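Open the model in a viewer and keep the selection panel at hand. The stops below say what to select and what is there.

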Amino acid sequence: MAYGFDTLQIHAGAAPDPATGARQTPIYQTTAYVFRDADHAAALFNLQEVGFIYSRLTNPTVAVLAERIATLEGGQGAVCCSSGHAAQIMALFPLMAPGRNVVASSRLYGGTITQFSQTIKRFGWSAKFVDFDDLEAVKAAIDEDTRAVFCESIANPGGYITDLDAIAAISDEAGLPLIVDNTSATPYLCNPIAHGATLVVHSTTKYLTGNGTVTGGCVVDSGKFDWSASDKFPSLSEPEPAYHGLKFHETFGALAYTFHGIAIGLRDLGMTMNPQAAHYTLMGIETLSLRMQRHVQNAEQVAAWLEGHDAVDYVTYAGLASSPYNGRVAKICPKGAGGLFTVALKGGYEACLKFVDSLEIFSHVANLGDTRSLVIHSASTTHRQLTPEQQEAAGAGPSVVRISIGIEDPTDLIADLAQALDKASA
Ligand SMILES: *Cc1c(COP(=O)(O)O)cnc(C)c1O
């Protein structure tokens with residue numbers, strides 16, 4: 001029987017604890033697990049039997065979360081990581097090698113632009129940034145060394161919606177996996193795999209946990225990509241020397257990428273989620289649909305109010321009829337355009353700083369997707385390392401403030417914004 005989203009967000013991956021009957025998933029605060037005997041230990045280390053060895057690789061609490069997120073995304077398997085940024089490196093790791101590149105949208109979370117434009121160069125990888133609304137440009141950017149295509153479903157910071165089906169058609173044609181960062185939309189609002197994504201990455205730090213307590217990330221595999229169709233993905237299709245020549249794709253089929261993520265990725269990169277973090281995220285995810293409904297309702301109301309204010313130049317919320325992305329809501333995220341958008345103030349950089357300093361309910365923080373309403377002036381913070389051109393391309397220019405709408409009373413949020421806008425334009 002196929003359960004609905006609201007049932008799965010509470011039950012998927014979990015069962016009463018076999019040892020104690022505990023109904024809530026216990027926090028298995030342990031580093032290691034006793035082997036039945038020496039043969040059992042050898043079988044586990046050879047990947048001939050699946051089981052718990054050491055918590056850098058797998059942990060029962062973390063495993064429940066991985067299965068929960070994989071189920072909500074409609075994937076075959078998932079690997080949880082220590083942060084969203086760790087998940088991005090883990091997602092690329094089996095695909096890339098020195099000299100290889102990823103074709104990425106120019107509209108991404110600021111930290112991802114920095115990670116992709118600077119840090120991955122140390123591994124010999126590179127990123128080519130393109131406007132993903134220009135499909136010809138995306139096609140043209142793909143070359144012989146491209147190993148993945150990367151975008152966000154609802155892109156940070158402006159809440160721009162990507163035409164995932166169109167991008168998936170291009171990556172399919174090129175024989176490449178499409179990786180979609182679904183952090184801002186969550187699987188409640190958008191299912192990238194249903195739109196052709198191969199892999200989905202999350203910063204679970206944001207809406208999935210929802211209460212600003214822990215950092216975490218996740219890589220979900222659709223299980224649909226044929227890693228052996230070309231010679232481009234030898235980590236998955238060719239013999240693995242560290243496992244006596246085992247071929248991941250041949251041996252594990254639709255679970256190849258997930259097993260590789262654990263057996264090679266977590267084993268050797270060690271970007272593991274800890275069981276406490278998994279616990280907090282499991283607590284949050286149980287109410288995901290309820291929170292997202294309220295985030296969307298509040299964002300629609302607040303964005304419409306802001307758009308009519310004299311001090312406001314424009315609002316980027318895709319849920320507004322004025323947004324060029326409004327037409328994509330019904331197709332990509334029919335339950336709403338999320339809770340994240342930017343507002344541009346006529347008063348420019350100075351007015352933005354005054355505005356964020358004057359808010360009382362909204363907190364000025366480098367986070368999003370919390371029950372609390374949050375703001376950040378991207379150009380002076382998260383997007384500070386970017387060139388002015390990159391800031392504009394990412395939708396994070398100097399006169400722009402990013403708003404993450406919480407689930408508070410919307411009239412209180414509007415009153416707070418009203419008094420801060422008054423101070424900012426005084
Ligand atoms: C926050 C965020 C990340 C990075 O996640 P961390 O958990 O902070 O490492 C990546 N992508 C998006 C869209 C984000 O909002």
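In which loop is Leu47 found? Select Leu47: the loop that holds Leu47 runs between α2 (38–45) and α3 (60–73). Before going further, note that this is a predicted model.

**Backbone stops**

Stay on Leu47 and read its backbone torsions. Leu47 is not a glycine, yet its phi is positive, about 60°. Most residues other than glycine have a negative phi, and most peptide bonds are trans.

Next, select His244. His244 also has a positive phi, near 50°, and is a residue other than glycine. The place to look is the loop between α9 (234–237) and α10 (248–252).

Then select Asn156 and Pro157 together. The peptide bond that joins Asn156 and Pro157 is cis, with omega at about -5°. Pro157 belongs to the loop between β5 (154–155) and β6 (160–161).

**The ligand**

How many residues surround the ligand? There are 15, and the closest are Gly84, Asp181, Ser203, Thr205 and Lys206. Colour this shell by class: two residues are nonpolar, 10 are polar and three are charged.

Now show helix α4 (residues 84–92). This helix gives the largest share of the shell around the ligand, three residues.

- Gly84: a polar backbone atom is 2.8 Å from an oxygen atom of the ligand.
- Asp181: a polar side-chain atom is 2.7 Å from a nitrogen atom of the ligand.
- Lys206: a polar side-chain atom is 2.7 Å from an oxygen atom of the ligand.

On its own the ligand has 380 Å² of accessible area, and the protein covers 92% of it.

In what order do the five strands lie in the open sheet? The order is β10-β11-β14-β13-β12, and the pairing is mixed. Strands of a sheet pair through backbone hydrogen bonds, either parallel or antiparallel.

Select β10 (312–315) and β12 (363–364), which stand at the edges of the sheet. Each has a single partner strand, so one side of each has no neighbour in the sheet.

As a last stop, pick Val375: its bridge partner in β14 is Ile403.

Conventions:
Residues numbered from 1 in each chain as written. Predicted model: local features only at pLDDT ≥ 70, side-chain atom pairs only at ≥ 80, totals over all residues. Heavy atoms only, no water. Near = heavy atom within 4 Å. Polar contact = N/O pair within 3.5 Å; in protein donor to acceptor, adjacent residues only side chain to side chain. Areas by Shrake-Rupley, 256 points an atom, 1.4 Å probe, with all protein chains shown as cover. Helix = DSSP H or I, 4+ residues; strand = E, 2+ residues; numbered from the N terminus. Nonpolar A, V, L, I, M, F, W, Y, C, P; charged D, E, K, R; others polar. Pairing = 2+ DSSP bridges.
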